[in-house]
Amino acid sequence: MKLYCLSSHPSKPCHVLRFKGITIMLDCGLSAQTVLSFLPLPLVPSARLSGLPNWMPRDCNNSQLEGELKDCCGRVFIDSAPEFCVPQEKIVDFSEIDVILISNYLCMMALPFITEGTGFEGVVYATEPTLHIGRFFLEELVQYIEQTPKASLASHWKDILHFLPPPLCDSLKPRSWRHLYSLSSVNSSLSRIQMVGYDEKLDVYGALKVTPISSGFCLGSSNWIISSDHEKVAYISGSSTLTTHPRPMDQSALKNADVLIMTGLTQTPLCNPDSMLGELCITVSTTLRAGGCVLMPCYPSGVIYDLFECLSQHLENLGLTQVPMYFISPVADTSLGYSNILAEWLSQGKQSKVYLPEEPFPHAFLIKNGRLKHYKNIYAEGFSTEYRQPCVVFCGHPSLRFGDSVHFMELWGSNPQHAVVFTEPDFPYLEALAPFQPLAMKAMHCPIDTSLNFTQGNKLVRDLKPTTLVIPESYLKPPVEAPNRTDLTIEQTDRNIISFKGGDVLTLPLKRKRAKVNLSPDVCNKLVVSEVRLGVNLATLTGQLHVKDNHHSIQVLDQTVTGSNSATRKLPRRPEETLSQMRYEWGSLDLDTFIQRLREDEGISDAKVEQSSSGYIIHLPKEDALIQVEDKSTHMYCDPQLRHRLRKVLLQCLNKI
């Protein structure tokens, strides 16, 4: 079994597994941290951004570089349309991929890069919420980029990487970065997805079965079981044991796997989600009471549903129900509406509300009461008339490089009354704020990552008891900000642990040893069973092995052919016929029977028997022969012709099947 690691970001995984002749891609996450190296794309022309001075390296006179790099408060940015770090393309030929398994909508953002223009002809499996919410994410991202096109694209900076200051000089393979796909590519790639349900067993060309099970991370998120008749591989990505709105994690199906591949652990191991939520509520209420507004850069689905619920309840307890909350996204209305019709994918508590009838999420009630208003963008009809301060604005993108969040940062950045609160863990908040410096508004980092932390991850591994554990190399080291916290790692006990990093190709210790073979009824009817000992029966069989669609079956040997005159004639004797007449001896040698048959069949009457430490020794003086009989072997010391006669007599004294 081979594992190819195409992503260097553990929370945006992309792996390829090759087993039993099948090539399976596990997730296709897209690392968007590269966009932090680019200047933001404002919705309206920004005098501040356009007025930033050009930056040129001292020892470089490349005129083509002019205007590509800008200096903002000592930090150098690329003035171009943002580029993304796609899964590595040269390790595996994407046209050879048979199946893509998607764990959740955060792990499918690179799907158009994989399926479009690569010769891919396989099938993609994902749950219904993953497909539809993933569509929201993909469409929102495309619209954010396309609504603010750049007149020119920068590329010459990649030729002088060693001249650039950090962090640009540390960019990983910038020549492989890609501009975003188009909306037509998104629609084409999503059309390849086949929707599946939890615990549904899917056949992969007869060789493997794949099964999605609930991971508890977000709506429709899945872990995957990949199994054959005798082997089992479990894949964990983006899982959670916390009690939130998705259906709880199913752990029982993951137990006792031959190989467990685990990714998607928390990106913020030093932060507790509950305490972060408490700090967020306090920061928001304090800012609103002082007359300021709060910007919360977010994705269009996921934790935002829980934020609506918790924050609205907190503001209500403080008597701030008059403060409006705005959700601005190109897919805001479909995201809010769709979340209320996914009862089967929700936790038990949320499901029970559906049958009252009552909306499972409180944002439906908030919309009815006018406390939560949603718009496609800031230019949408009704926004300018409904907008009032103080307020809370939820909008994208969390990177602060494109989308409506860029507009609000430009609008509020110089006012210390306002605040920006970061809840998504995907981007370092100081890096996201860098192009908006100097910044007067308050910035608060409250990352809410419900993924498994390392304590939960270690407990899960102990409970699941895999034979081999495969994890990212970074999970074996403490985080950089806490180098002494060895508890923030995956424990290295006596179990077999294999680690990987981006670009690695691993040989996993799982080899096929057995395969399932079906016997035809005709073959079964010809079986003659012999009891070799109490409760143990054996039978020999001879037949033709047929292999089709990775299924093995044994059929009766066809020993006849039809001639030109349509008359059936017997075939000449073939090796198969000889095999079908073979018999196999078993059991212990009956010494008395053997001596008697030597006398009757071969006329040998002078056999002398002596007992030895390991069995018996039979001496034949006239023939000058010695036979040594042990529990599991017999040795004959005599001339070749006599040995053949003695062997024939000995075999007649054993049981046969």
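E410 is partly exposed, its relative accessible area being 27%, where buried means under 20% relative accessible area, exposed over 50% and partly exposed in between, with a 1.4 Å probe and protein chains only. This is a predicted model in which local features need pLDDT of at least 70 and side-chain atom pairs count only at pLDDT 80 or more, while totals for chains, interfaces and linings use all residues. Residues are numbered from 1 along each chain as its sequence is written, and side-chain values use heavy atoms, with hydrogens and water left out.

E410 forms a salt bridge with R48, the closest N and O atoms being 2.8 Å apart; the term stands for a side-chain nitrogen of Lys or Arg within 4 Å of a carboxyl oxygen of Asp or Glu. Because R48 lies in helix α1 (residues 47-50) and E410 in helix α11 (residues 404-412), the pair ties together parts that are 362 residues apart in sequence. R48, at 30% relative accessibility, also counts as partly exposed. Helices (H or I, at least four residues) and strands (E, at least two) are DSSP runs, numbered from the N terminus.

The structure holds 21 salt bridges, and another of them joins E116 to R192, with the closest N and O atoms 3.1 Å apart. This pair links distant parts of the chain, since E116 is in the loop between α2 (111-115) and β7 (123-127) and R192 in the loop between α4 (183-190) and β8 (193-196), 76 residues apart. Within helix α13, K459 and D463 are 4 residues apart and therefore separated by about one helical turn; they form a salt bridge whose closest N and O atoms are 2.9 Å apart. K459 is partly exposed with a relative accessible area of 47%, and D463 is partly exposed with 32%.

Turning to the rings, a search of the whole structure finds 16 aromatic pairs, where rings of Phe, Tyr and Trp (its six-membered ring) pair if their centres lie within 6.5 Å, and planes under 30 degrees apart count as stacked, over 60 as edge-to-face and the rest as tilted. The rings of Y326 and Y375 have centres 6.5 Å apart and planes at 40°, so this pair is tilted. Y326 in strand β15 (residues 325-328) and Y375 in strand β16 (residues 372-375) are 49 residues apart, and both are buried. F454 and Y475 form an edge-to-face pair, 5.7 Å centre to centre with 85° between the planes. F454 belongs to helix α13 (residues 454-464), whereas Y475 is in the loop between β20 (468-472) and β21 (496-500); both residues are buried.

At the surface, V517, L519, L541, L545 and V547 form a nonpolar patch with about 410 Å² of accessible area together. Patches are made of residues with over 30% relative accessible area and no salt bridge, like charges being joined within 9 Å and nonpolar side chains (Val, Leu, Ile, Met, Phe, Trp, Tyr) within 5 Å; accessible areas come from the Shrake-Rupley method with a 1.4 Å probe, and for residues only the protein chains shown count as cover. The elements giving two or more residues to the patch are β23 (517-519) and β26 (544-548). Of the 5 residues of β26, the number buried is 0, so this strand lies largely in the open. β26 is joined by 5 bridges to strand β27 (residues 551-555), and the two run antiparallel, strands being paired if DSSP finds at least two bridges between them. L545 has I554 as its bridge partner in β27.
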